[in-house]
Amino acid sequence: MNGQINTNQAGMNSFSEMPLLQVNDLCKRYSGAGSYMAVYHMNFSIPRGRIIGLLGPNGCGKSTLVKMINGLLEPTSGSIFVNGMAPGAESKRIISYLPERTYLDNGMKVSQMIGYFADFYADFSTERAYYMLGALGIDLNARLKTLSKGTKEKVQLILVMSRDAALYILDEPIAGVDPAARDYILRTIISNYNPKASILLSTHLISDIENVLDDVIIMKNGSLMLYSPVDAIRNDTGKSVDAYFREVFAC
Amino acid sequence: MLGKLMKYEWRGMRAPLIIMLFILGGTTLLSGALILMINPAYDGVIAGFSAMLAIFSFFLYYFGLIGCSIGIALIIAIRFYRTCYTDQGYLTHTLPVTAAQTLAAKTIVAILSNLLIIGAVIVSIVSLVSLGMSHFARIIGSYSYSWEAVYGMIFEEMNDQFIASVGMSFMQFMLWMLLFSVIECICGVIFIFACVSLGQLYAKHRVLGAILAYFVLTMLKNTLGYISIIPTYFRFFSAIETGAVMTMRSAFGSNMIISMLISVVLAVALYFVNLYMMTKRLNLE
């Protein structure tokens, strides 16, 4: 490592307003036979208007953290506030979440899925969804079970990015698609990005997304290892985030 | 939001329910056709064949009803498991609604689906009984009976017998049975949901866990039921000793109410267990 990097400096921006996401002393222990701490005393805050990469090796607690922010998992201790609200129905109104899994109902058509999102999310733009689906040549009348895994992931991303949410949480959005589609997805993320919103983007494919990131959160063994602007990493280490990550987590 | 949740829940349940109704309808039609082929007036071999058809139609229908009962329970359990605890759970649990609303929508739609199947079974039974009565009336040459007269006669006879043995009129008995069925239907749905949710405690074997929870909860419910019936046995045996005449109502009436109350109390407790599992113990793969 060429230079020392200040941890959490990105979250310490002098925002006078309430942080969009505030995580306080967050811990998660999975109980049972193989009991272990998946997330260990994490503290950070995310302001508005940032694209943040959530990085870390497998099993470092990224998915657990993301699940807790989305109210899919109960923390063992600590607290989370999304725009000042604990995870719940109200916080889910302003979070647009893309999980790693394909969560769409295979029995439904693409157009029905759009209707579903439009029914539940007041901030969903049907026009935007139709436009993006058209651009990718996805048949609106196709049943989801007839689509390939990659196409389903595209549909899912389009549904998530067609919302005017305050916080987008994207878990591995480009992992299952070809490089061309990857470019389209990244363009989609950037072009639909609302400057008042933030995007938390969890991925292993750092080099592909590095250029769109403002900040990175790097997790190691369930703890926050680094929270820094991408430029600071580049300036302090003289390396790209991808190269820095490979160096830190070299096996 | 509850209305929207119910709308999509109903859409998800609709297709398997329609298939179930078609199967029930098909079984009813086939049983009806077999009943119409029964005629003891035929000679020798054909009369024997006719009697075999009677037995076959009875068994066909009986297994059809068992299939319906298991089928609807499976449809409800699978739908709940799939939408709450598999990958689809990521969508279900990130909708801007509370867990209580999600559970309420699923419970209401599952109860309505269950009631729909019960209603269809009742219609099917009444149709087959009517068909059978009409057919046998024709066989014995009682063409003059109108439906009203046939039913009137049977209900009148049943009524006298019921008041003497059961302690209430036939219609009262049927209303009690209907109430009992509706309450059991509601409690049954909550029971199924709770088993599926409790199965999630076994992260590696969720389906097996749900089946285990089903057996444990069934055992608990049955044990409570057996305990509640003990006073009835005492009343029954003391009546035998004293030679007193007991109607079914005086012997089992209170037991039925206690059994119903056990189901309701258990269902309320399990509803909250379910809610707890869907909030505090949710852990999607």
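This is a predicted model: local features need pLDDT of at least 70, side-chain atom pairs count only at pLDDT 80 or more; totals for chains, interfaces and linings use all residues.

Biologist: Okay, at what angle do helix 1 and helix 4 of chain B pack?

Modeller: Helix 1 of chain B (residues 2–36) packs against helix 4 of chain B at about 15°, with the axes 9 Å apart; helices here are DSSP runs of H or I with at least four residues, strands are E runs of at least two, and both are numbered from the N terminus. Axes are lines fitted to C-alpha atoms, for helices over the stretch in contact, and angles run from 0 to 180 degrees between N-to-C directions. The two helices are therefore roughly parallel, since angles under 35 degrees count as that, over 145 as roughly antiparallel, 65 to 115 as roughly perpendicular and the rest as oblique. Helix 1 of chain B passes helix 4 of chain B in a right-handed crossing.

Biologist: And how do helix 4 and helix 6 of chain B cross?

Modeller: The axes of helix 4 (residues 99–139) and helix 6 (residues 170–199) of chain B come within 9 Å and cross at roughly 135°, which makes helix 4 of chain B oblique to helix 6 of chain B. That crossing is right-handed.

Biologist: Switching to the interface, how much area is buried between chain A and chain B?

Modeller: About 2400 Å² is buried between chain A and chain B, with carbon and sulfur atoms giving 58% of it; buried area is the accessible area (1.4 Å probe) that two parts lose on being put together, summed over both. On the chain A side, A:Leu72, A:Arg101 and A:Phe120 lose the most area to chain B, together 28% of what that side buries.

Biologist: How many salt bridges are there between chain A and chain B?

Modeller: There are three between chain A and chain B, a salt bridge being a side-chain nitrogen of Lys or Arg within 4 Å of a carboxyl oxygen of Asp or Glu. Among them, B:Asp87 and A:Arg101 meet at 3.2 Å, N to O.

Notes. Residues are numbered from 1 along each chain as its sequence is written. Chains are lettered from A and ligands numbered from 1 in the order in which they are written. Side-chain values use heavy atoms; hydrogens and water are left out. A crossing is left-handed if the near helix is turned anticlockwise from the far one by less than a right angle, and right-handed if clockwise.
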